[in-house]
Each structure stands twice: as C-alpha cells, then as structure tokens.
Amino acid sequence: MRVKLFSVLLPLILVVGACNGDDGDDGDGVRDDDQAQACGESYAVGVSGPFTGDAASIGQEQLNFARLAVDDFNEENGTDFQVVEGDTQLDPAQASTVAQQFVSDDNILAVVGPAGSPEVEATGPIFEREDMAFIGMSATLPTLTDGTYPTFFRVVPHDDIQGPTDADFMVSEIGAEEVFIIDDQTSYSTGLADVAQGALEDQGVTVTRDSVSQDETDYSALVSRITDGTDVAFLPWQIAANGQLFAQQMEEQGKEAVIFGSDGLFAPQDFSAEGAYVSSFAPDITGVPEAQDVIDAYNETFEAPFETTFGPPTYVATQVALEAMNEACVAGDASRAAVLELVGGVTIEDSILGGPIGFDANGDVEGARFYIFQIVDGEYTLVQ
Amino acid sequence: MEFLVQQVVNGLTLGSVYALIAIGYSMVYGILKLLNFAHGEVYMVGAFIGYGVLTAAGGPDALVIPVWLVIVLMFAAAMLGSGLLGVVIERFAYRPLRGAPRIAPLITAVGVGFFLQNTVLMLFGARIRNYDTPRLIGFDVGISAGPLRISLVRILVIVLALVLTLLLTYLVSRTKLGKAMQATAHDPEAASMMGIDVDRIIAVTFFVGSVMAGAAGVMIGLVFSRVYHFMGFVAGLKGFTAAVVGGIGSIPGALLGGLFIGFAESFSAAYVSSRFQDLIVFGILVLVMLLRPQGLLGSPAVQRA
Amino acid sequence: MPRIGTDEWVAEVDGRTEQGRGPAASARRAWDRTPAIWRIVGVVALVALLPLATDSTFTIRVAVNAMLLGLLALGLNVVVGYAGLLDLGFIAFYGFGAYAYSLLSSEHLGVHLPTELTIVLVVIGSAMLGYLLGLPSRRLLGDYLAIVTLFFGQIFVQLAVNLDRVRLPWAEETVNLTGGPNGVVGVDPMRLLGFELVDVTHYFYLLLGAILAVGIGLANLNASRTGRAWRAIREDPLASSVMGMPVNRLKLLAFAFGGAIAGFTGTVFAAVQIGVFPQNFDLTLLVMIYAGVILGGMGSLPGVLIGAGIVAVLPEVLRTPDHARLVFYGVLLLGMAIALRPWRRLASILGGAIVLGLVVRWGAALLWPDAVAGGGEGVVASVIDAWVLRVDQATLIGNLAFVALIVSVVALTRVRGRALDLALVPVIYLAAFVWENRLVAEASVTRQLILGAVLVVMMIARPHGLLGTPRVESL
C-alpha cells in the first residue's frame, strides 16, 4: 500500500519538478545593462557533449575545458557566466533533445558543441530556428559549413583540409607506395578516411581499406593482415588509447609499417608509439607559452593531465562564445540574434591552440592548417 | 601456416577472456535462472582493481616489487574484490526478488550495472587507463618462430583461463560444495529440504562466478591494455552471448561458447575483413543457434507443463 | 467484498473501512467507479492540455520522447507481455521504420513519397520484417530465442553503418544506401491530410492520437480470441498446442504486431529528429524500452505507458541540477514519510538528522573554517547551506563520502529495529552531504546514477511492475 502510494507520488514529483523549470517569459530575453566594461547578468553558455557512456573520455575532458574557460573568463572580466551541461552520449536523438533544452532556457545565449557531426546535423535546424549560435570543437564533416547550418561555427579545420595534408605527407615525406587505411566506423573517421584515400589514390598509391569498431577488443587479427609491403598504416581514429594498442600489437607481430594517425590520436599521454606520425590542427599546446597557465590550471583543478586533442579546442570555442556574449550584453542587446552576429567577428589573437582564431564567412576557422608530428624518443616532435 | 597458428592463438586469447565471463553468467543462470546483466560491470571493477594494484606498486616503469609478484597480487586482489562485489550485489539486489517473475531481476541487474558504471566514472573519471603491459613484460618475451609471435602474456592468459576452468570443474563435480551447488541448481526446494543452506550456496555461486569475471578483467588489461568505465557493457554482452550459445547453465558450454566466439571474431577479421567482422560473427551465431536450438552443449529444452 | 450473512449496509461500511478512509482511498474508489471510456477521455484531455500549459519547447520535446517510448513499449508489450516471447532485437523494427521513412522522404535517394503512402508501406514492411525475424521462434525457446533476436538487432545496426559503400556489379561507384555513420539527414516533415507537421507540438498531438488509437486497438485485441490465445501460449505453450492452437502462427502474429507498431513509431521519430542515424538504435535504448515495460507491469496497457513515461521523463528532469535537487530531497522526504510510520518515528528521525546536521555544520565552521565553502544564493540554497556542510576539497571528500554512503546503505539492509532508526540519522545526513558536495557538480553522471538506483529500488518494491498483476510463473 505504501509502495503503491510511493509509485503514484513519484511520477507526480517528477511532473512538479519538470514544470518548475520554466523561467516564464519567452522570447529572447533582452535586458538592459548599464555596466560599460562587463556584463552584469549571469547568462549561460550551453555545453553539449558525451559526458557519460562510451565516449565519456572525450566528453568529460571537453566539459572540463569548457568550465575552465568560463572560470578564466569570469575572473579576467569580472563577469558571472555559467555553464549548463547537456549530456548527449553521442546520440543525435539526445543531442536534439539537449538542443531543445538549451533553446528553452532563456539564460543560454550560445552553445558550445555538440561533439559529433551527426549531432550537428540533428541539432542544426533547431538552433537555426532560434538564431542560436553553436560552436563546434570536434565536428569535422566538411559539409557542415556549406550553408545548411547558418548558425554553426567551428574552431577546428575540417576533413577536407586534414585528409590531403596527411596524404601528401605520406607520399612526399614518407615515400609511401602502399597504404593501409583503417577507419573506426564513426562519422569523423570514415569521412577523413574517404578524403585521404581519394587524395592518395590520385597520387598513384595503392590503398587497402578496412574498418574496425571502436568497441573492438583485439586488433591482432587485423594487424596480422598488414603485409610486409605496406609502408604506412593510416589510423584516422578518435580514441588514442585504441591507437596505442594497435601500435603495440603491430610491434608484437613484428610489422614494419609506419603508423600515421590523425588528430584523434594526438594524445601524448595515451599514444606514444615510437616512430609514429600524428597530425594535429595546432602546434603542440604544451609548447605554446599562452597555454601554459591554462594547462597548469587544468592539471590542478582536474587532477589529471589532459589527454586528448578534443579538450583545448573546447576551451577556445567557449572563449569565443563568451566574448560574443559579453560584447552583446555590454552593448545592451543580450539576445541570441545579437550574439550570433557577433560570433562571426570574434577574433582571439593568441589562442591556446598556438595561433589566432577568427572565422570566415562559412563559419570555418581561418588560416587552418595541419601540423605533422613524429614521436621520437617518446616525445612529440614537430616535423611539418 | 604460421598465419593460421597466429590466428588460433589470437582466437584462444580472446576466447579465454570471453569464456571466463561466460562461465560466471552460466553459473548464476544455472542456479537462479537469472541473467545477471551486472556481471559485465563486475568484470570492469576487477580490471580497475588490477590497475589500482599496479599503480600502487609503482606503475609499470617503477615497480617496487618483482614483476611476477605484481601480477599475482593484481589477480588476487581483483578476483577477491570482484567476488565480494558479486556477493553484495546478490544480497542487496537479487535476493529480495527471489519469488518475482523471471524478467524482473533483469531490470534490477541493468539498474545495478548503470549504477556501478557511473560510480566508477564519478570516482575515477573518464580517462582511459592503460596497463602498459609492454613496459611490464616486453613483447620479445615469448615464443618466436619466424613470422609467428606468441608473447608470454598471451600464453599466461590462456593457461590461466584453462587452469581456472579446470579448478572450477573440479570444484563443481568433486567437492561437497560443488555437489550442493548442483543440487540447488537442479531443485532448490528439495535441496533445502536435504539440509543445504540455499542462501549460502547461492552466495557462493555468485562469488565464484564473479571471481572468474575479476580474473577476466585483469587478463583483458594485461593483453589489451585499455581499462575504462564502459568496458563492461560490451564485454558483458559478449559473455552473455557466449554463455547462451554454449548452452546456458552449462559450464563447459560457456567455455566452448567463449572460445567459439573468440575464434569466430579472430578468423573473420583475419581472413575476410574487419569491417564485416561483427556481421559475419552474428551470422555464424544465428546459424549455430538455428542448427542447435539448445546451444552447443545445452540439453534440449523441455517444455514444462 | 461484503461478507456473506451480514447486513448489507454493515458490510458496505466494513468494505469501505477495509479499503481505507483517507482521501487517497476515496479518490481510488471514485476512479474505479468511472467507466473506462471516461477515464481515458479524462487522462487524454489532461495530457492534451500540456502544450497550452507551458512555453518551453523542451518540455514538449520531452513529452514527445516519452510518447515515442510509450508507443514502443506498447509494441513490446504485445510480444513480451501478451505472448511471453523475449525479443531483444525489437530495436531493429524501430530502426527499419525510421530508415524506411527517411529514405522514402528525403533527398538521399531523391524519393519523396506522400506521407500517408510511406506510413502504410512502413507498417506493412515492418510487419513482414517482424514475421521474418519471428521465424526462428519455431525452433528456439526462451533465452535462446532472445539471443537470436539480439543478433538480428545487432545485424541491423551493422548493416545501417556499413551499407554506405555497396558495390553493385554493374556500377562503377559504390552506392550509398543508408548513409553509414552519418545517417540520412534532411528528412521531409510529415504531411497528413494536407497539413504539414513542422513543429514539435504538431508531433505531440499526432503521437497522442496514435497512442490512443494503438492503445484502444491493443485493448480490443487483448480481449479478443487472439489475445486469449496469446495468454495461453504465454502460460503454457505445450498445453496450448495440445488444445489445437496454432502456436507458431500466434507467435509470428505477435512478432508482426510488435514490429508494425515499432515501425510506425520509427517513422514519427525520423520526422521529429529530421534525420536518422545508426547511433540512435543502440542497446541502451532497448534497455530503456524494457525498463519501461517491466517497471510499468508487463501485460498492462496503462502500466506500460506509465512505466515508459517514467523512464523517459526521469532522466530529462534530472538534467538540470536544480530540478535534480528538488527530486532528490523530495524523494528522500517522501520515502521517509512512507516508510517510517508512525509519524512519531518519522519526526524523531528527521529531527535527529536536522540536529545532527546543524551540529556538524557549526562544529566544522568552528574547527576548520578554511575547509568550509560557501553555497549558492536563494532561499532554498541558504537553508540547505545552513544545514549541510560544504567543503572546499569537494571532489576528494565527496568521493570518499560517496563510497561510505554506498557501504552504509548496503549495511543498513541488515539492520533492524531500534538500531535501524539510530543508524538512519547519520546516513540521511551523509546522503545530503554527498549530494551537495559531489553529485550536484556532475549533473550528467548523477542523472545516470539516480536512474540506476530508481530502477533497482522500484523493481525491489514492485517486482511485478507498477500496474502489473502478480502472476505465478511456471518456469
């Protein structure tokens, strides 16, 4: 009897809890602001990413960097911006729901994320309808910035830039004639692999293509299929730890091919296969002086050295969002439409990614190029 | 030829790990007719405990005790920890549901699984931990015959799995405890009438099954390095599959099922394509099930009145 | 039930006393008295008012998600609840419906069929697929059938991911059929009877109507010969076939029905998400559908809907830390109020916890003022801040306290009587401590934790589901 009562009241509580959240007035929340320098209101930036589930290793780092960026910005500018997190578990359906959540929250003026390209495609129309700018830090499908999603920006270059860069390096510097490309069945990976394969084949390289699931435990069988004639194994993977295992198993089986990883494998803590190449959209952030403070702060706050390349771009993306929000608020028009207009014009002179950040007309980051590193004596050394 | 042998070794290693997880599933099913979907998380906790021991001993680069001792300690700690966890889960989540319809504990198991997974995520973060085995035991240690390479770690895993399974079979078929477990699995009411403490036997079953899972966790860490909070989900699924394909409730069936899946995965990836590996394996398994509806070593299901 | 041989009026009063005198009991009686049709109308009317009661598209979207899950639960209920067949590949029908709609109404293949036609095609297609996937049920039973259906489900997802480079023997280029990991985007909105559904609210009403239609249909089906036949084969397949029932045909029929409902739901899902991706159909979703069905009570239509509703809405409510806090304390207090009777016991334990909290807070502020951190603004936050100790080293201490909390809750189940009351006081404070210091900071992880805990607790509390009927099961 008590339990029946409980089971009836629990849904009621949920309903009450759910209804309690509407902040009332709809619309774009235009509020006046008298302060000249900094925004006095506590608006929020929505952060969307995979914070639990299989891809949590990527998402949690992104979230931590976003929080760090907000804290740093608040400290520097005397603002009081907040972070609202939205866990998507890399599922576009959840990303779409999170987008609705952000859109319905009047305090949120801009969004950082979502992490995956399919998620961007699922959420683009929702953000577009509300003029909400959303800044991606890891969605690299080239078609995302072809105009279909006018409110989308990204701080990392897309696959059409990385693919040819990697392919050209493989041909010209490594002298590869046979390349084995393995993608990990994600949107990021297959897109990049396709572009690279095309670029390689155009230059007369023989390409063998295969794919492996991210959940795969053992790569030994796949590794044993790498022939002795293969010069390069190209791994456009998202999870560096997987790449490390692959490299170990290649060594275990005495395979000679050189490993070339895309920016997903750029993680000094996780991927340290001797002699392997890795491409990255930024010169090593541990070498960038501006980044040192940020890294120290991160290590201190989050007790773990940052691992992957998905973190620092989130920092930058959040910075961009906050700059635009602050500017709009100070100008007296803290609306999403105003923020959207300003985002395109935001420039960060010395970003922690080692260069200036600015957007072109499509929402892509300007001056994007990729750097190639080689792991020598356990250290990442810039070679191009 | 060496290629074939290499694949056999690959299949054996992978299959051994799946088999150990599957044995836990089969044991619990045999005695409670319950599919313990939290089993995968127990395995994950075992892997983390092993990692904890390794780090406490200084990490793979700066060990304060000899390598063999570290490995023994890792296994012992993980097995004990997982075993205890399994017993606690049974006591807390499954015992209250003894009389319930069979499908109810499934959801409880799932709930426990979610809880464990996210507890580990909260306490230890989402970083993928690495056992870094090559720094522990180099790859050159092992058997090398031309292109064929079998590292010591793999041999260790295969042998250990075999030993554990043999020990378990001995336990179940020769000892008094094992007889009690068999009796309880066959007919709990009659067993309790014969003076067997059914609750205790069930707890022991969970303990032993979880011990296997803990061992599997450390093995996975040693051979395949990556340890993270979500690893239990997929592995649990494969273990469950192996247990059913081998004939659920049968321990040798679980072993066979695990090995079968391990081989199927390795061979399809090596000889056909890694892209279609899952499709091929599932296809094979469907065929197996259609040809042998009771699983490889299961007894034909009796339709009870 | 009036006792035989007593005065009718006396018996009536006795009956009412037995059932309870409070407002809850009279509400229950009033509910039981209204004929089914008015009950349904009442509930539907109430739900239909939701878009008018809120401005937030998020709330409507959550409601839409809940209704999608509800429809799926209805479909699964047919297979698992009515016919007793464990189908772990149910997601495949959902995916089939979604992909079929997307491929037939988007630029991907250049096909734009009218929505009515697409829906009819999808329903027929999914029913056939259900039939196909159900064929193994002739040879396989119980858990073995479950695993084969699981394989089919996984095969579907693998096909969806890999069929983006199909090599046809006569074509030069590979054909991109399913879009691979990138899925199919730019799906047309549904257009029914000339009306285009572009807004979330439109789909809300569409789904409401669908649930009504499917629900009534299933209720009638359940009461019909087929429903009785399903119940028979669920309880005892051997006896049923001995009685001459076409057991295999009935099983296939159940699969087909379940598949058709899921397929239809898939089409609406694709229209709502404006696209379909293979990541939409992972095993977590399957688990959620099962949780909804079992939580609500297998075999009971309203139960299954309520279960699905809880499973869908709970995680969304918990997304926001403020709501989560409300739910946490609300459930804590409610749980205590229900479990701890008489009210003197409740008051003493609650009072004890409050006093303990204040003492600890005051003591900590006195002894280690540096370690104590401040709280948020607002009335609720300040009240909580005065009671719960918030520390600076929140992560580390919070983690340790969390572990301690789990251990103590597990230990509590072994304790009885006076000792239990005594032990409850610090544990309640510990729970609040862990919440405020650690769990609130990690909204996303906490929401999964709570989901898991709720599943466990609810199943232990009601093993047959909320509205399920206790059944004796022969294994």
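This section describes selected features of chains A, B and C. The model is predicted.

In chain A, five strands make up an open sheet. Their order is β2-β1-β3-β4-β5, and the pairing is parallel.

Val45(A) has Ala110(A) in β3(A) as its bridge partner. Helix α3 (residues 92-104) of chain A packs on the sheet and touches β1, β2 and β3 of chain A. The direction of this helix makes about 150 degrees with that of β2(A). Helix α2 (residues 56-77) of chain A also lies across β1, β2 and β3 of chain A. Its angle to β1(A) is about 165 degrees.

Strands of a sheet can pair in either a parallel or an antiparallel way, through backbone hydrogen bonds. Ile375(A) stands opposite Tyr380(A) in β12(A). The two strands form a hairpin with two residues between them. In the turn, Asp377(A) has a positive phi of about 55 degrees.

Several loops carry backbone features of note. The peptide bond from Gly113(A) to Pro114(A) is cis, with omega near -5 degrees. Pro114(A) sits in the loop between β3 and α4 (117-129) of chain A. The loop between α4 and β4 (133-136) of chain A holds Asp131(A). Asp131(A) is not a glycine, yet its phi is positive, about 55 degrees. Asp131(A) counts as partly exposed because it has 17 C-beta neighbours inside 10 Å. In chain B, Lys33(B) lies in the loop between α1 (2-32) and α2 (39-56). Lys33(B) has a positive phi of about 55 degrees, although it is not a glycine. With 16 other C-beta atoms within 10 Å, Lys33(B) is partly exposed.

Chain C is divided into domain 1 (34-307) and domain 2 (323-441). Taken over C-alpha atoms, the centres of domain 1 and domain 2 of chain C are separated by 43 Å.

Two helices of chain C were examined for span and burial. Helix α7 (residues 115-134) of chain C has 20 residues. From first C-alpha to last, α7(C) reaches 28 Å, close to the 28 Å expected. Its buried residues include Thr118(C), Ile119(C), Val122(C), Ser126(C), Leu129(C) and Leu133(C). Viewed down the axis of α7(C), the buried residues fall within an arc of 165 degrees, so they line one face of the helix. An α-helix has 3.6 residues a turn, so residues three or four places apart point the same way. On the other side of α7(C), Glu116(C) and Leu117(C) are exposed. The cover over the buried residues of α7(C) includes α6 (91-104), β1 (105-106), α8 (142-162), β4 (191-192) and α12 (247-273) of chain C.

Helix α3 (residues 36-48) of chain C has 13 residues. It reaches 18 Å from its first C-alpha to its last, close to the 18 Å expected. α3(C) is hardly covered, and its count of buried residues is zero.

Methods:
Residues are numbered from 1 along each chain as its sequence is written. Chains are lettered from A and ligands numbered from 1 in the order in which they are written. This is a predicted model: local features need pLDDT of at least 70, side-chain atom pairs count only at pLDDT 80 or more; totals for chains, interfaces and linings use all residues. Helices (H or I, at least four residues) and strands (E, at least two) are DSSP runs, numbered from the N terminus. The expected span of a helix is 1.5 Å times one less than its number of residues. A residue is buried if 20 or more other C-beta atoms lie within 10 Å of its own, exposed if 12 or fewer, and partly exposed in between; C-beta atoms are placed from the backbone. The arc is that of the directions from the helix axis to the C-beta atoms. Two residues are in contact if their C-beta atoms, placed from the backbone, lie within 7 Å. Domain bounds come from an automatic or database domain assignment. Two strands pair if DSSP finds at least two bridges between them. Axes are lines fitted to C-alpha atoms, for helices over the stretch in contact, and angles run from 0 to 180 degrees between N-to-C directions.
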